[in-house]
Amino acid sequence: MMVARVSVQSGFSRLTEALSDPAREAMVSALFGGKALPAGELALLAGVSPQSASAHLQKLTDARLLSVWQQGRFRYYRIADDEVAGLIENLVNLAARADHAERTRRVPIPLRQSRTCYCHLAGQLGVALLDGLAYSELITLRGREGSLTERGLAWCRTEEIHFKPGRDPHLRLCNDWTERVPHLAGPFANALLKRLLETHALAPHRIPRALRLTPKGRAFFGRLGVLVPF
């Protein structure tokens, strides 16, 4: 007697299929800077026609990798949430393993120094920030997750970083694909980058996703005791 085998499928093939096209990869990469973009701009960045872009974006939204909303006659797209951002981060790191040296050599210096990784800070400056916060005992880490200490919460109030602690974890580690060591991600890291941009401690660079450290930024990292690596 033959016994029927039950196939258990989690559905991740739908996600991998949605990401398995160079044009869709380009669109998701463009949105990884944390900014919502209209369909027309994403079509230009992906090098496809508006009609093709519409089909690609529909596939990504159907897979719940992107969210979309209408504003006037334009439709704006962004990464759906932090969980999706974490998935993309892991895929980027896996892709970078095989030819890391060659990929890093091609990365523009400003992008390697300081950049957005979805809604948090990455690159050499992001790694230095993690080290400074841990050394000053403003955060505590448990494996790949962590939280702000009481000293860290007081520091947030002093620096006017608008972070409301909820349930742990306040933060998590995210592997930096150029530096090959972690930087900070999660709610606290998002709030911190938002404050640095609001106060013009960091400013957008002409290279997409790259950030420029201003004199105000150097003063901020100086107060934290972080030696800026550039």
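Biologist: How many cavities of 30 Å³ or more does a search of the whole structure find?

Modeller: The search finds 1 cavity of 30 Å³ or more. Bear in mind that this is a predicted model. The volume of the largest cavity is about 40 Å³.

Biologist: Which residues line the largest cavity, and which elements give two or more residues to that lining?

Modeller: The lining is made of H120, L121, G126, L129, H183, L184, A189 and L192. Two or more residues come from each of β5 (120–122), α8 (123–135), β9 (182–185) and α10 (187–198).

Biologist: Now the pockets. How should I read the largest pocket, and what is its volume?

Modeller: A cavity is a space from which the probe cannot get out, whereas a pocket is open. The largest pocket here holds about 1400 Å³ of space. Its lining has 49 residues, and V28, S29, A30, F32 and R209 lie nearest the centre. The elements with two or more residues in this lining are α1 (12–19), α2 (22–31), α3, α5 (82–98), α6 (100–106), β4, β8 (171–175) and α10.

Biologist: Which element gives the most to the lining of the largest pocket, and how does the lining divide by class?

Modeller: The element is α5, with 8 residues. The lining of the largest pocket comprises 29 nonpolar, 10 polar and 10 charged residues.

Biologist: What is the volume of the second largest pocket, and which residues lie nearest its centre?

Modeller: The second largest pocket has about 180 Å³. Of the 13 residues in its lining, those nearest the centre are E159, R195, T199, F220 and R223. Two or more lining residues come from each of α9 (150–159), α10 and α11 (215–224). The element that gives the most to this lining is α11, with 4 residues. The classes in the lining of the second largest pocket are 6 nonpolar, 2 polar and 5 charged.

Biologist: Next, helix packing. At roughly what angle do the axes of α3 and α4 cross?

Modeller: Start from the angle and then ask which class it falls in. Angles of 65 to 115 degrees count as roughly perpendicular. The axes of α3 (residues 39–46) and α4 (residues 50–62) cross at roughly 100 degrees and come within 9 Å. The two helices, α3 and α4, are therefore roughly perpendicular to each other. On the α3 side the contact is made by A39, L42 and A43, and on the α4 side by P50, A53 and L57. This contact of α3 with α4 has 6 nonpolar residues, with no polar and no charged ones.

Biologist: At what angle do α2 and α4 pack, and which residues meet?

Modeller: The angle between α2 and α4 is about 70 degrees, and their axes are 10 Å apart. Therefore α2 and α4 also count as roughly perpendicular to each other. From α2, the residues A23, R24, M27 and V28 meet A53, H56, L57, K59 and L60 of α4. By class, the contact of α2 with α4 has 6 nonpolar, 1 polar and 2 charged residues.

Biologist: Let us turn to single residues. Is S114 buried or exposed?

Modeller: Residues under 20% relative accessible area count as buried. S114 is buried because its relative accessible area is 0%. S114 sits in the loop between α7 (109–113) and β4 (115–117). Beyond its neighbours within four places in sequence, S114 is in contact with L121, A122, L125, L202, R209, A210, L211 and F230.

Biologist: Where is L138 found, and what does L138 touch?

Modeller: L138 is in the loop between α8 and β6 (139–142). With a relative accessible area of 6%, L138 is buried. Not counting residues up to four places away in sequence, L138 touches L133, L148, T149, R151, G152, W155 and L224. The C-alpha atoms of L138 and P204 are 27 Å apart, for residues 66 positions apart along the chain.

Biologist: How many helices and strands does the protein have, and what share of its residues is buried?

Modeller: The protein has 11 helices and 11 strands. Of its 230 residues, 43% are buried. The C-alpha trace spans about 65 × 55 × 40 Å along its principal axes. Among contacts with a separation of 6 or more, 57% join residues 24 or more positions apart.

Note on methods. Residues are numbered from 1 along each chain as its sequence is written. This is a predicted model: local features need pLDDT of at least 70, side-chain atom pairs count only at pLDDT 80 or more; totals for chains, interfaces and linings use all residues. Side-chain values use heavy atoms; hydrogens and water are left out. Buried means under 20% relative accessible area, exposed over 50%, partly exposed in between (1.4 Å probe, protein chains only). Contact means heavy atoms within 4.5 Å. On a 1 Å grid over the protein atoms alone, a cavity is a set of points where a 1.4 Å probe fits but cannot get out, and a pocket is an open set with protein on both sides within 12 Å along at least five of seven lines; lining residues have an atom within 4 Å of a point. Grid points are joined across faces, edges and corners, and a volume is the space filled by probe spheres set on the points. Axes are lines fitted to C-alpha atoms, for helices over the stretch in contact, and angles run from 0 to 180 degrees between N-to-C directions. Angles under 35 degrees count as roughly parallel, over 145 as roughly antiparallel, 65 to 115 as roughly perpendicular and the rest as oblique. Ala, Val, Leu, Ile, Met, Phe, Trp, Tyr, Cys and Pro count as nonpolar, Asp, Glu, Lys and Arg as charged, and the others, Gly among them, as polar.
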